[in-house]
Amino acid sequence: MIQSVSKRPDRGGRSGAPEGNDRRNDCHGGDSLPSRIALVGAGRMGTPLCGRFVSAGHTVTVSDLRPEREEAVRSLGANWAPSVTTAAAEADVLVTVVPGPDEAAAALPDAVFAALAPGAVWIDMTSNAPAAARKLRERAAALGVDVLEAPMGGTPDDAEHGRLRLFVGSSADVLDRCRPLLETVATPDRIHHMGGPGTGYTTKLLINLLWFGQATATAEALLLGRRAGIDLAVLRDTLADSAAGSDFIRRDLSALFAGDYLRSYGLDRIHDQLKVITGEARDLGTPHEMADTVLRIHRLALERFGPVEGELLAVALLEEAAGTLLRP
C-alpha cells in the first residue's frame, strides 16, 4: 500500500507505522499494490464485485447475514468472516453493497469503523438515502475514516465485467485516492463525480425516479395507443425513433412485451427509494407533483402485489386497470 499522513485518532495501544512514517491508505487497483478489502454484502451485486476485486489482486474478506453465501464467496478466492466487525479488522477499504439504508445502518456500528486500519476509506455502493447516510458518514469521520459514496447503475453482468456506472459523492481528494479501485468495476468514463457528500446518492435516486416515471408514462401511452387501434410493435418502433424516444423504449420495452416484469429488484425497495427522493424534493422546496404521482402508482402496486420482485409491476397494475396486456 502507498500511504500518506493518517488522520486516524489513537485507539489505545494499536501498533501503527513507525514514528516519522505515518501513513494513509490508498484505495489501490490496477498496477498498484493490493489493498485489504472488507466487503459487506454478497448478494446479486456484491458477489460479482467480490470477484472483480479478487481478480485485481486484492485480499477480500466478505461478511453477509446469510451464511449460505460463504461457499460462493470462497469459490471466488475471497475470505469469509462471521461478522462485519471481524471482516473490517485492519482492512484498508470497507465496501458496503447492501439493499438499502436500514441494512447499511444495521451493519455499521462504530465498532466496524474502529476496527479498520489507520487511514482507511469506507466506500458505500448502496442505493442509500442521503439523510441516513449522513449520520453514518459523521460517525465514520469521527473515527478518522474517509467516506466515498458510489451507488451503482447496472446489472450483475455489468458488475462482473467491470462496466458499472458509479455516481460518486465525495471530495476530489478521496476520489483520486479511490479511483484505481473504482476502475476495477467501472471504466473511467462511467465514474461520474457528482459533487460533495450526498450528491451521488441523490443522482442515483433521480435516475430511478425518471426511469420508473418513463416506464409508467410509456405504459399509459401504449395502452391508449392499443385501445385506439395502433399495432404495439409499430407504435414502439415509431416512438423509439421520435422526439419521445428513450432508453426505456429502445432497450427495456422488449422485456415487457415478452411478459418479463424485470423481477430483479423488490417493489418495496423501489417504493422506498421513490419516497426518499420525493421527500428530498419537499425538504428542498422544489416542485414534486410528477414525483408524487410516480410514488403513488408504485404505492398502489405495492399494495396490490406485495413486496415481491418486479421493476415493472407498476406497469402490470396499469395493465390490470386497462384490462389488457401490453403484448404485440
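T278 sits in helix α12 (residues 267–284); helices here are DSSP runs of H or I with at least four residues, strands are E runs of at least two, and both are numbered from the N terminus. The model is a predicted one, so local features need pLDDT of at least 70 and side-chain atom pairs count only at pLDDT 80 or more, while totals for chains, interfaces and linings use all residues. Residues are numbered from 1 along each chain as its sequence is written, and side-chain values use heavy atoms, with hydrogens and water left out.

**Around T278**
- T278 is buried, at a relative accessible area of 1% (buried is under 20%, exposed is over 50%, partly exposed is in between, with a 1.4 Å probe and protein chains only).
- A polar atom of the T278 side chain lies 3.0 Å from the backbone oxygen of K275.
- Leaving aside residues up to four places away in sequence, T278 touches A291, D292 and L295 (contact means heavy atoms within 4.5 Å).

**Strand β2 and its partners**
- Four of the five residues of β2 (residues 59–63) are buried, which leaves the strand mostly covered.
- β2 pairs with β1 (residues 36–40) in the parallel sense over five bridges (pairing takes at least two DSSP bridges between the strands), and V60 is the bridge partner of I37.
- On to β3 (residues 79–80): two bridges join this strand to β2, again in parallel, and T61 stands opposite N79.
- The chain gets from β2 to β3 through helix α2 (residues 70–75), in a right-handed β-α-β crossover (with the strands pointing away from the viewer, the path from the first strand over the helix to the second runs clockwise).
- β1, helix α1 (residues 46–55) and β2 also make a right-handed β-α-β unit.

**Salt bridges**
- The count comes to 13 salt bridges (a side-chain nitrogen of Lys or Arg within 4 Å of a carboxyl oxygen of Asp or Glu).
- One of them joins D92 and R36, at 2.5 Å from N to O. D92 is in the loop between α3 (84–88) and β4 (93–96) and R36 is in β1, so the pair ties together parts 56 residues apart in sequence.
- D92 is buried at 1% relative accessibility, whereas R36 is partly exposed at 33%.
- R177 and D146 meet in another, at 2.7 Å from N to O. R177 lies in helix α8 (residues 172–182) and D146 in strand β6 (residues 146–149), so this pair links parts 31 residues apart in sequence.
- Both R177 and D146 are buried.
- D158 and R163 pair up too, their closest N and O atoms being 2.6 Å apart, and a network of salt bridges links D157, D158 and R163.

Technical notes: Polar contact = N/O pair within 3.5 Å; in protein donor to acceptor, adjacent residues only side chain to side chain.
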